[in-house]
Structures are given as C-alpha cells and as structure tokens.
Amino acid sequence: MPRTTTLECPGCPPLRAVTFDALGLIKVIEAHGKQGAVPKVVERWGEPDSSKCVVAASIVDRKIDPLLAVARKTGMIEVLSPISGDLRFMVSNVDDASLRPEEDAVVGLHLFATQKSESTSRSCALLSCTTKGNTSMRSIQVPDSPEGSASIGSSRTWSVCASGNISCSKVDGSENYALFGGKGVEVNVWDLENCAKIWTAKSPPKNNLGIFTPTWFTAATFLSKDDHRKIVAGTNSHQVRLYDISAQRRPVISFDFRETPIKAVAEDLNGYTVYIGNGSGDLASVDMRTGKLLGCFLGKCSGSIRSIARHPDFPVIASCGLDSYVRVWDVKTRQLLSAVFLKQHLTNVVFDSNFDGEGVKPSVADPSLDAKQIASETEIRDKEETLPVKRKKALKKDGASKKKNATNENEASKEVSIENDGLNKKASKENESSKMLKSKTRSKRSKHEVLDDAS
C-alpha cells in the first residue's frame, strides 16, 4: 500500500507554479486569495505523449517578457511563454546523428536572465548539458511572433567529462559559473565566460574497512546564490556533501541521510540551509554550517522526490515526484500546506514569482480541459484520504451489534414468559386434580357411613 499523508492542510499563500511530467504535459497551478488558499489546476499545455517527456526545465520569471525553457526526451528544446503557453521558438539539441536522443538526453538546462551577448536585438542565452557531457551555450534571437523563426547567433560547445555520465547540473546566481557531476564524474566547476574548468573534487578516501565508494552524484546545487565557492551535492549512496572550492578538493562536511539515493537538492535564501529529498519520499532541511538535520517535513510522500523549488518571496517550498502530487510546505514549521494530485509522474516544478494572486486568470490554452472538473476531482480525492473511513464502519458495526443484542434480549424475555406461563398452567392443573381426588374420597366415605347405619 502506498504511504500517503492524512494531515489537515491549512492552505497556502497566493502563488503560481508550473509542473512538468513524464507524458510531456505542462500544468499550471494557482492559489488565489489570501493566506489559506487552495491551489487548483487552471491550465494544461500539450498533449500526452511519453516520447515527449520533460527531462529538464528553466524559467526566467521577469515582469517584462518572461520565458520558460523545456527540454524533452526527443532532444528538442522549446521556449514558451509561462503566461499563455505560446511557443516562442524551438531548437534541436541533437548534434551527433549516430546517437539517438534517448542515449544522450538533456540533463541540465538553464535560461539566462541576464544578456549574454553583445547584440542589441531581442535575444536570450541558453545553456544545455547532455548525459555524455556535451555542453553548449547558444545565443538565440527571439522572434516577435510565434510564427517567426528563431535565428541562432553565437554558439559555443565543449565537453565537461571525458568518461562517465552526467546526471546533475546547476548555474550559480551570478550566472558566471556552472557545476556538473554524475556517475563516474566528480563534481567540477566551470567558468562560463572562458569555458574553462576551474575546480574538480577529489573522491573521499577508503573507509576503515578498506571499502571505496564509487563516484555517483545524483543532485547538486550552490549553497548561496551570491557565492559560487560552496557546493552541496547528493550521492547515490545517500550521502550529502559540502564542498568549499577555496579550501580543499575533498568534502568539508559529509553525512548520511536515510538509506536511499538523494534525488533532489535545493538551497534556501538564507545561504546556509538546504532541502534534500530522496528516493523513498523523505524531505528534510539541513543546516550546512554544522551538518545538523533541522528536521523532516511532516507527512510522508509515497514516491521518489524528483524536484524541489523554493519560492523567492514566501517562506514555502514545493516538491513533486513519482507519486503524482505537488506538495507545498512551510519552511519554518515544516508543515504540509496543500497537495494537488496531477495524475502523471512529475519530473520538475518551478515557481512564477510575479503572480499576485488577485489578477485576471490567463486563458486556458486547451479548451477540452475543464479546470473545475479537475479541481473537484482533486478535492474529492483529498477528502477521501482525510476522512476516517474505518471509524464509520466501526460505528455501523456497533449499531448492528446493539440491534442484535436488543433482539436477543427480547427473544430471551419472551421465552422466559412462555416458560412461566407453562409452569402456571401445570400448577393449576395439579391443583384441580388434587381437588377432584379430595372430592372423590369424601363421597366414598359418605357412602360407607350410610351402609354402616343401614346394617
């Protein structure tokens, strides 16, 4: 049986989140009103197709001309409008014709918020990294209309690993440095301006039993957006490591978290707290200054956590994974604020920080989707999870047992009354028979007396 939470959800602040799933669908969740709002699905973009699974996503949530980049399993990278879902342009990330897109899928994607080219036209910079370590940074001119074609300006391509497979990638807050790591690939940091490697981690030594743990990084992030020198990485052997590239090549702090691989790591705004999620659905916050576990979030996810996003304004985080739920948590109390069921395995979630919660709702891109129906299904499912079903059955059983006991008592009383009536009848019959015998003996005595007088 899947482990699901039955905690009461008080609701979340007004927010807007965009989710991506294994069928290539993009769904928008909004919570309107004040504190305590219930998020609902308001839009769905795309058609379900497993070959178009979203493997990576990045958003630039600026107020003027926001953009959303999505990398799919087919090797195509789409840039959309996060407000309406309109496709702005599409580029292919497949360079080698001998490889299938599934063999060299995109694992890292970043859409730069700052201008990375000297061109004065409307353009955006896009960084992508594949499983084989093929990294490219392209400057693309954004067309004014969706029908227009995008033209690629300057482009740089390099490899970030000689062997192994890349499984995690991240760009720092200044957008000047990027880190990469994976299976058989130690965490390394690159200068994006010069496309040069500036630091590489060194694998930890053997333990006291002489056992060496193979290198396998599954998630990584920068500890602070303002400092690229400190890195937090999670491994397949359920370890969380803190690296300081200005101090040494080996981990400064290393500790184990539960017993399953670390699947998602996200940094907090304070610059020292990180949120980690693993393959068994555990979500916790850690103070990386000391490596102390601050606590686990209340409620249990029933599937592997694949993405964690921190809201830039509100003290909340969102998590999603293979249990098809998007959950919103309070970072201070670690309490579950709300949960939305989205039917498909989720791969990523991002926040739109420019949503005010009181504006006009965007138009639904897919008219066949009834947002109210989906929201009502979600509410019904949540109610079914929170209602004490077993208690109701127990009450029904107690009522039935009481009725049976009452009928049994009535039947027993009837039987006792019948037995008493029978005893009374028997007693009356015996009294009548005794009276008859007495009368007969009296008559015989009188007859004998008469005969004696006559003689």
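Colleague: How many cavities of 30 Å³ or more does the count come to here?

Modeller: One. A cavity is a set of points on a 1 Å grid over the protein atoms alone where a 1.4 Å probe fits but cannot get out. This is a predicted model, in which local features need pLDDT of at least 70 and side-chain atom pairs count only at 80 or more, while totals for chains, interfaces and linings use all residues. Residues are numbered from 1 along each chain as its sequence is written, and side-chain values use heavy atoms, leaving out hydrogens and water.

Colleague: How much space lies in the largest cavity, and which residues line it?

Modeller: Volume is the space filled by probe spheres set on the points, which are joined across faces, edges and corners; here that's about 60 Å³. Lining residues have an atom within 4 Å of a point, and among them are Leu15, Ile29, Ser338 and Phe351. Strands β1 (15–21), β26 (325–330) and β27 (336–341) each supply at least two lining residues, with the largest share, three, coming from β27. Strands are DSSP runs of E, at least two residues long, numbered from the N terminus.

Colleague: How does that lining divide into nonpolar, polar and charged?

Modeller: It has 10 nonpolar residues, one polar and no charged. Ala, Val, Leu, Ile, Met, Phe, Trp, Tyr, Cys and Pro count as nonpolar, Asp, Glu, Lys and Arg as charged, and the others as polar.

Colleague: Now sheets. What is the strand order in the open sheet that holds β8?

Modeller: Strands of a sheet pair through backbone hydrogen bonds, either parallel or antiparallel. Two strands pair if DSSP finds at least two bridges between them. Here the order is β8-β9-β10-β11, with antiparallel pairing. β8 (106–111) and β11 (151–159) each have a single partner strand, so one side of each lacks a neighbour in the sheet. Seven bridges pair β10 (134–141) with β11, and Ser136 has Thr157 in β11 as its bridge partner.

Key: Helix = DSSP H or I, 4+ residues; strand = E, 2+ residues; numbered from the N terminus. 1 Å grid on protein atoms, 1.4 Å probe; cavity = no way out; pocket = protein on both sides within 12 Å on 5 of 7 lines; lining within 4 Å.
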